[in-house]
Amino acid sequence: MSNMAQKIIKLNKDELITELNAAFAEEWLAYYQYWIGAQVAVGPMRATIVEEFMEHANQELEHAKLISDRIIQLGGTPILDPAEWKNVANCKYEPPVDPYIVSLLKQNLDAERCAIVRYQKICDMTFGKDFETFRVASEILKEELEHEQEISDFEDDINMTAQNLR
C-alpha cells in the first residue's frame, strides 16, 4: 500500500475505490465475453474477427491488472469474489447464446460503449485531483475507443459485403 498515493489525491478515496472496483469487475466480464465469444464464433470473417477478439480479451485482462494495482495503491482491495462482479458492474456480460459473428460484434460494441462511459466518468472524477488514476483511466479509455472503432469497422465491412452480394 502506498501512503503517498493516498495522501496526494484530492477526492473521496472510498468513492474512487468503489468506482475502480466497478471498472475492475467490468474488465473481467469483458475479458470473458471476448474470450468465450472467440471460442464459439461462427460466420463471415470469423478467423480475422476471432483474432481481434483474443487481442481485445488480452487488453481487457491488462486493464483489470492496471485497475487492481491502482486500487491497492490507494489502500483498497480489488473485488475478491468473481460472483460479485455482476452485482457491481454497469457494463453487463452477455452470454453468446447466438454465436453468429454479427451478434457477437453487437454485444461487444455495446460493452465497449459502456466501458467508454465508465472511463470517461473516472477521468472526469480524477482530473486535477488524482493524476495517477487519471493517467491509468485515460490510457484505458483510449484503448476502449480503439476497440469500439475496430468493432464498428468489422460491422461496416460485413454490411458492405452483404450489400455487394445482393
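1. A disulfide (cysteine sulfur atoms within 2.5 Å) links Cys 91 and Cys 114, S to S 2.1 Å. It's the 1 disulfide found in a search of the whole structure. The torsion about the S-S bond of Cys 91 and Cys 114 is about -90°, so this one is left-handed. Cys 91 sits in the loop between α4 (85–88) and α5 (101–126), and Cys 114 is in helix α5, so the bond ties parts 23 residues apart in sequence.

2. Before going on: this is a predicted model, where local features need pLDDT of at least 70 and side-chain atom pairs pLDDT 80 or more, while totals for chains, interfaces and linings use all residues. Residues are numbered from 1 along each chain as its sequence is written, and side-chain values use heavy atoms, leaving out hydrogens and water.

3. Now the helices (DSSP runs of H or I, at least four residues). The axes of α2 (residues 13–40) and α3 (residues 46–73) come within 8 Å and cross at roughly 160°, which means α2 is roughly antiparallel to α3 (over 145 degrees, on a 0 to 180 scale between N-to-C directions).

4. Helix α3 also pairs with α6 (residues 131–165): their axes come within 11 Å and cross at roughly 165°, so these two are roughly antiparallel as well.

Definitions and conventions
Angles under 35 degrees count as roughly parallel, over 145 as roughly antiparallel, 65 to 115 as roughly perpendicular and the rest as oblique.
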